[in-house]
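Trainee: I would like to go through this structure by asking questions. Where do we begin?

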Amino acid sequence: MGSMDHFSFGWLTPTLSYAMACVGAALGLRCTLRALSATGASRRNWLLTAAAAIGSGIWTMHFVAMFGFTVDGSDLRYDVPLTILSLLVAIAVVGLGVFVVGYGRHRGRSLLLGGLTTGVGVAAMHYLGMSAVRIHGELRYQVGTVALSVLIAVGAATAALWAAVTIRNVYAAAAASLVMGIAVSCMHYTGMAAVHVHMEPARTGLGGATPMQFVFPLAVGLGSFLFLTSAFVALSPTAQERAAYREAGELTVEDLGRAA
């Protein structure tokens, strides 16, 4: 059995990955809340943005944390198509979950179904991403710990969606995103605790890309997307603000008509 280290860079990778999970959760919660106060194409676009934010935030969290993962006696590579597929799965399944909440008629049922769908999607992203890891050996998992990680993912997703449709205060929403970041990080490291490595003699070179060749640039790109989208959402007026602007404009027109 191979020896593993999940914190080869100390607390740097857990801290950075937690920050990315919080940013993705905060942005996704904000976009979902905007969607619930919108209609038509605007609601759809906000939900798509929420799915991209939560999915890419969780994916970036996972692979930033994986920078700290090393196996003694083996290099580490990533299968590029599987790694990209794990990102697409995360966004697609999270999107299904937020659309269930965004268009569901029964709030409680929608939250449960959306949380289950989103949580299973998060877990699927994690283990699909782990299947992209290439080492001189084999990764095996403890079934009980894997099941626990899936339960944590479902619970975290349900709590996040509940917060998105319930919390209206900005400070409470920020606190909810911090809690969501903790839950996602716990899911990741619980899943990693299930891993056992069985080493094999190195007969050939490893295929795939090193983290610096592929995952790091993509993680930086997605991180930049999250921060830029956060700025856009922060500067975009809410439905209440737009209504206030329209009312102010109508009052101005009326005042001008009276003056004439």
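Mentor: We begin with a definition: Ala, Val, Leu, Ile, Met, Phe, Trp, Tyr, Cys and Pro count as nonpolar, Asp, Glu, Lys and Arg as charged, and the others, Gly among them, as polar. Keep in mind that this is a predicted model.

Trainee: By class, how many residues in the lining of the largest cavity are charged?

Mentor: The largest cavity holds about 80 Å³ of space and is lined by twelve residues. Ile54, Ala157, Ala160, Leu161 and Met180 lie nearest its centre. Sorted by class, the lining has nine nonpolar and three polar residues, and the number of charged ones is no charged residues.

Trainee: Which elements give two or more residues to the lining of the largest cavity?

Mentor: The count comes to three cavities of 30 Å³ or more, and the question concerns the largest of them. The elements that give two or more residues to its lining are H1 and helix H5 (143-166).

Trainee: Which element gives the largest share of the lining of the second largest pocket?

Mentor: About 270 Å³ of space lies in that pocket. Of the 15 residues lining the second largest pocket, Leu16, Val64, Phe67, Phe216 and Val220 are the closest to its centre. Two or more lining residues come from each of helix H1 (12-36), helix H2 (40-66) and helix H7 (211-235). The largest share, six residues, comes from H7.

Trainee: How many residues of the lining of the second largest pocket are nonpolar?

Mentor: The lining of the second largest pocket has four polar residues and no charged ones. The nonpolar residues number eleven.

Trainee: Are H3 and H4 roughly parallel or roughly antiparallel?

Mentor: The axes of helix H3 (residues 80-103) and helix H4 (residues 107-131) come within 8 Å and cross at roughly 175°. Angles over 145 degrees count as roughly antiparallel. Therefore H3 is, relative to H4, roughly antiparallel.

Trainee: How many residues of the contact of H3 with H4 are polar?

Mentor: From H3, the residues that meet H4 include Leu82, Ser86, Ala90 and Gly97. From H4, those that meet H3 include Ser110, Gly114, Thr117 and Met125. The contact has 15 nonpolar residues and no charged ones, and its polar residues number nine.

Trainee: Over residues 45-70, how far apart are the end C-alpha atoms?

Mentor: An unreviewed UniProt entry places the feature "transmembrane region" at several stretches, including residues 15-33 and 45-70. Over residues 15-33 the chain is 100% helix and 0% strand, with the end C-alpha atoms 27 Å apart. Over residues 45-70 the chain is 85% helix and 4% strand, and the end C-alpha atoms are apart by 40 Å.

How values were computed: Residues are numbered from 1 along each chain as its sequence is written. This is a predicted model: local features need pLDDT of at least 70, side-chain atom pairs count only at pLDDT 80 or more; totals for chains, interfaces and linings use all residues. Side-chain values use heavy atoms; hydrogens and water are left out. On a 1 Å grid over the protein atoms alone, a cavity is a set of points where a 1.4 Å probe fits but cannot get out, and a pocket is an open set with protein on both sides within 12 Å along at least five of seven lines; lining residues have an atom within 4 Å of a point. Grid points are joined across faces, edges and corners, and a volume is the space filled by probe spheres set on the points. UniProt positions are given in the numbering used here, feature names are shortened, and annotations may be inferred rather than shown by experiment. Axes are lines fitted to C-alpha atoms, for helices over the stretch in contact, and angles run from 0 to 180 degrees between N-to-C directions. Angles under 35 degrees count as roughly parallel, over 145 as roughly antiparallel, 65 to 115 as roughly perpendicular and the rest as oblique. Contact means heavy atoms within 4.5 Å.
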